[in-house]
Amino acid sequence: MPITAANPVISELQDRIRRLEGGAARKGEVLSFGIAEIDAKLPGGGLARGALHEVAGGGADAVHGAAAALFVAGIVARTKGDVLWCLTRPDLFAPALAQAGLHHDRVIYVEADREEDVLTNFEEGLRFGGLGAVVAELVRLPMTASRRLQLAAEASGTIGIALRRWRRPTEAADFGQPTAATTRWRISVLPSEPLPVPGIGRARWLAELIRARAGEAAEFEIGACDATGRISLSPHARDGQDQARRSRNFA
Amino acid sequence: MVVARSGSKRTVAAIDAAAFKAGARIGMPAAKAQAMISGLHLVDADRQGDASAIERLALWMLRQYTPVVAMDGRDGIVMDTEGADHLRGGELPMLTGLVNALRGHGLQARGAIADTWGSAHAIARATRREVIIVPVGETAKAVVNLPISSLRLPSEIVSGLAVLGFRTVGELSATPRAPLTLRFGPEVGRRLDQMFGRVVEPIDPIRTAELVEVVRSFSEPIGAAETIAKYIGKLVVELCAALETRAQGVRRADLIVYRVDNTLQSLRAGTAKPVRDIPHLTKLLCSSIEKIDPGFGIEKLSLAATMIEPFEEKQSISSLVEETIVDVTPLLDSLGNRGQRMYRLAPVESDVPERNVGRVSPVSAKLGQAWPTRWPRPSRMLAHPERIQVIALTPDHPPASMTWRGKRRRIKRGDGPERVFGEWWVRSSEMEAVRDYYSVEDEDGNRFWVYRSGDGVDPTTGTAKWFLHGIYG
């Protein structure tokens with residue numbers, strides 16, 4: 001909004017609001033994807049560190065959490081320091097995470113029996129402050145809990161990612177409930193990049209940015225993480241949203 | 001058979017199962033046993049050796065299981081496991097694990113968990129089962145039929161009671177107390193009350209000379225959480241000072257709380273690496289302070305470093321250029337003390353997918369090796385491969401369609417096969433086993449890792465059935 005930028009009163013008010021919102025919007029404290037199209041949609045030019053982000057799988061992946069886990073692995077692979085991964089179901093296959101750039105030496109898994117313990121571990125990891133990132137696989141994320149996690153992340157500057165994963169596909173409607181997370185992503189699998197020979201090419205995902213605080217929703221067709229955890233923009237998406245949708249249907 | 005000697009009298013002190021079957025009993029004269037059984041192997045009893053072996057065992061349990069461990073008579077160990085069993089998955093897994101661990105060292109042990117020391121003592125000795133757990137509140141029912149010899153009474157009293165016709169604990173406890181006390185003294189009533197939990201019987205924890213322990217007694221009983229926290233802080237300072245003189249760090253610290261009503265409670269804090277960091281230790285101990293029930297007040301606090309390891313101060317390299325490496329062990333300690341399982345995953349040399357990932361301790365050295373494969377791997381693995389129905393061209397084409405969990409999928413693309421051979425050195429049944437792995441993608445873009453058991457030609461290599469093993473992201 002160019003008019004407000006010119007108005008000193010409004011810009012001062014915006015500054016005050018930003019200060020009230022806490023350290024989340026501190027400049028430069030973001031983890032960018034390195035893709036201009038995606039970073040432009042995110043306030044600050046990337047995923048804010050010191051904030052809570054939510055990632056879930058779409059379709060069948062809401063239960064499996066396979067693509068969502070790799071997307072998260074790609075993000076945390078680009079942080080520095082150890083990564084705490086809190087879970088209840090130990091079915092992650094570490095070689096796949098290593099292929100997404102997240103070296104197995106960096107990941108400490110904390111396995112709990114109960115969902116509440118995962119939340120506690122998640123918060124404790126965020127409060128600790130010395131970790132590169134904290135990931136938690138959660139079924140439920142109530143508003144109060146997410147608020148606590150967001151505050152803990154803001155206090156320590158550690159990026160927290162809640163990997164939402166449900167037991168049944170019908171439960172995934174829970175993803176519509178509001179939480180205090182700064183961004184919210186849904187990752188669904190798309191047919192892989194076509195190859196000139198029989199075989200499976202690079203995996204492609206539909207990454208929907210469902211919610212971004214102080215930003216707009218968007219969706220991108222991306223190529224899965226490479227060996228350094230970087231995603232790429234799929235060539236089909238460059239032609240615009242409509243065509244991208246169609247290409248998804250017939251690919 | 002073990003023979004004990006008292007003066008010129010030689011009696012049987014301990015027997016094994018074979019001797020028991022042959023008719024030997026504990027307490028019978030050794031000469032009688034020798035007359036009954038030919039080829040009896042006699043060993044002279046070594047009281048001191050036994051006692052020191054049991055003491056070593058007790059110290060090991062003190063480090064491994066719970067802060068309150070003591071020797072129970074000449075032939076047993078008693079532990080207060082309250083609040084310690086959840087770390088080992090509950091009472092039954094803990095006790096079974098303990099008995100199995102002892103058997104692994106060639107020791108036959110019988111274990112019992114009950115409400116009181118007296119009843120656990122009696123049940124463990126009077127029954128033949130290896131592991132018994134008496135549910136809370138059912139002690140009275142469990143001990144009624146036990147013999148009076150399991151009451152921990154002097155042998156003269158036991159034989160005196162036997163002369164009067166008493167055989168079981170139930171009979172004895174149903175008898176009016178006054179005549180018994182008049183004849184045998186207060187011991188009978190006391191032991192009965194201890195068994196039924198009417199009189200508390202604190203377990204005085206075993207201590208050795210090298211154990212670092214600091215104690216603080218209070219002239220007035222304390223009870224408030226803040227006061228307890230304050231004194232824990234003071235004890236930690238003393239403990240760290242004591243450890244510093246020995247250049248040791250704490251791996252496991254036990255706080256024992258003595259209440260005015262003569263009962264004790266314990267808290268245990270463990271660490272992943274030896275520590276001598278006062279705020280950190282204080283925080284670990286204070287994090288479970290709400291578990292202490294002060295009752296009418298606490299008269300004594302004792303803090304012991306049950307497990308210590310050499311600890312050297314290191315000079316940290318201060319550099320403005322290099323990135324500082326954050327030590328995450330304080331976080332791991334506080335998570336671990338809440339009973340969470342922590343691990344890192346590391347490569348194991350195996351081609352079988354479910355075996356090539358191993359759990360290692362989160363503080364183990366980072367070796368930096370990697371999985372050698374360049375093939376894409378699924379990000380989620382099923383705990384057990386699931387049967388799928390497929391239509392596929394044998395021997396080496398990916399499936400054309402597959403049915404998994406009742407849903408039929410047409411396969412658009414596929415890669416493979418990647419052949420994995422069985423490891424005959426792990427399991428003899430894998431001598432000739434082969435799995436052919438394919439990655440397949442259905443029409444919607446869902447990607448799966450499936451395999452066929454066998455090479456598709458030779459039936460000795462596998463059943464030619466198909467399984468789904470992993471899900472790609």
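**Domains, backbone geometry and nonpolar cores of a predicted model**

The domain assignment divides chain B into domain 1 (2-35), domain 2 (91-196), domain 3 (212-310) and domain 4 (380-471), with bounds that come from an automatic or database domain assignment. Taken over C-alpha atoms, the centres of domain 2 of chain B and domain 3 of chain B are 33 Å apart. The model is predicted, and local features need pLDDT of at least 70, side-chain atom pairs count only at pLDDT 80 or more, and totals for chains, interfaces and linings use all residues. Residues are numbered from 1 along each chain as its sequence is written, while chains are lettered from A and ligands numbered from 1 in the order in which they are written.

A few backbone details in chain B deserve a look. The peptide bond joining G416(B) to P417(B) is cis, and its omega is near -5°. P417(B) belongs to strand β16 (residues 407-421) of chain B; here helices (H or I, at least four residues) and strands (E, at least two) are DSSP runs, numbered from the N terminus.

Positive phi values also turn up in residues other than glycine. For A247(B), phi is near 60°, and this residue sits in the loop between α11 (225-246) and β9 (248-259) of chain B. A residue is called buried if 20 or more other C-beta atoms lie within 10 Å of its own, exposed if 12 or fewer, and partly exposed in between, with C-beta atoms placed from the backbone. A247(B) counts as exposed because it has 12 C-beta neighbours inside 10 Å. For N262(B), phi is near 65°, and its place is the loop between β9 and β10 (264-275) of chain B. N262(B) has 11 C-beta neighbours inside 10 Å and therefore counts as exposed.

Turning to chain A, nine helices and 11 strands are found, and 49% of its 251 residues count as buried. Two residues are in contact if their C-beta atoms, placed from the backbone, lie within 7 Å. Among contacts in chain A between residues at least 6 apart in sequence, 65% join residues at least 24 apart.

A nonpolar core is a set of buried Ala, Val, Leu, Ile, Met, Phe, Trp, Tyr and Cys residues joined through C-beta atoms within 7 Å. The largest has 100 residues, and V72(A), V135(A) and W205(A) have the most contacts inside it. Helix α5 (residues 66-77) of chain A gives the most to this core, with 11 residues. Beyond its neighbours within four places in sequence, V135(A) contacts V72(A), V76(A), V83(A), W85(A), C86(A), I161(A) and L163(A). Apart from this core lies another, of 56 residues, including Y65(B), V78(B), L235(B) and L243(B).
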